[in-house]
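Me: I am new to this structure. Please show me how to read its features, one at a time.

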Amino acid sequence: YSNDAGATWNALPDDPAHERYGDETQFVERFRIKPGTCSGCRVARVWTANHGGTVAVSGWFFRAEPMSSRLHAAVIGPNGFNQTWEATGTDPATGAPSWISPDGRLTDSPGQEIRFEVHNTGGGDSGVLNWVPGVAVL
């Protein structure tokens, strides 16, 4: 669990009393994730490969509170893999949570990371995203 407001990722502090990493301004919980209030602030949940191979990434996300267009979700992987979605939160036609499934599969080596990032793209309170990403080793 880490945060970034520039080019350097830093570990978020463990907050066992609230069952999260971070604090009330930016955090990663079991299901909820919230970036800081600066434009460009990011927080991430990181998965590290324990052996080489191919993985598929997918998951559900939806906005928990308040709705704004300043929140984006991204999956960042090895070899320049980067896919980003505006986290509007629900399918406009059905009201169901948004399903993400990146195009293609990722090949990784032991120790390589896949980051599940949430970005604040406009500054101010961007809200909270419920996101349950999944990694399947194929």
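Reply: Start with burial. Buried means under 20% relative accessible area, exposed over 50%, and partly exposed in between (1.4 Å probe, protein chains only). Here, Phe116 and Trp131 are both buried. Keep in mind that this is a predicted model: local features need pLDDT of at least 70, side-chain atom pairs count only at pLDDT 80 or more, and totals for chains, interfaces and linings use all residues. Residues are numbered from 1 along each chain as its sequence is written, and side-chain values use heavy atoms, with hydrogens and water left out.

Me: What is the mean pLDDT of the protein?

Reply: pLDDT is the predictor's confidence in each residue, from 0 to 100. Where pLDDT is low, the predicted coordinates should not be read in detail. The protein averages 78, and 78% of the residues score at least 70. Confidence is highest in strand 3 (residues 14-15), at a mean of 96. It is lowest in strand 11 (residues 98-100), at 58. Strands (E, at least two residues) and helices (H or I, at least four) are DSSP runs, numbered from the N terminus.

Me: How many aromatic pairs does a search of the whole structure find?

Reply: A pair of aromatic rings is described by the distance of the centres and the angle of the planes. Rings of Phe, Tyr and Trp (its six-membered ring) pair if their centres lie within 6.5 Å; planes under 30 degrees apart count as stacked, over 60 as edge-to-face, and the rest as tilted. The whole structure has one such pair. Phe116 and Trp131 form it, edge-to-face, at 5.8 Å centre to centre with 85 degrees between the planes. The pair links distant parts of the chain, 15 residues apart: Phe116 lies in strand 13 (residues 113-120) and Trp131 in strand 14 (residues 128-137).

Me: Which strand pairs with strand 13 over seven bridges?

Reply: Two strands pair if DSSP finds at least two bridges between them. Strand 7 is the partner, in the antiparallel sense. Within this pairing, Trp47 has Ile114 in strand 13 as its bridge partner. Strand 7 also pairs with strand 1 (residues 2-4), antiparallel over three bridges. There Asp4 stands opposite Arg42 in strand 7.

Me: Why does Glu19 count as exposed, and why does Cys38 count as partly exposed?

Reply: Glu19 counts as exposed because its relative accessibility is 62%. It sits in the loop between strand 3 and strand 4 (20-22). Glu19 also has a positive phi of about 50 degrees, although it is not a glycine. Cys38 counts as partly exposed because its relative accessibility is 29%. The loop between strand 6 (32-34) and strand 7 (42-48) holds Cys38. Cys38 and Thr121 are 83 residues apart in sequence and 8.2 Å apart in space, C-alpha to C-alpha.
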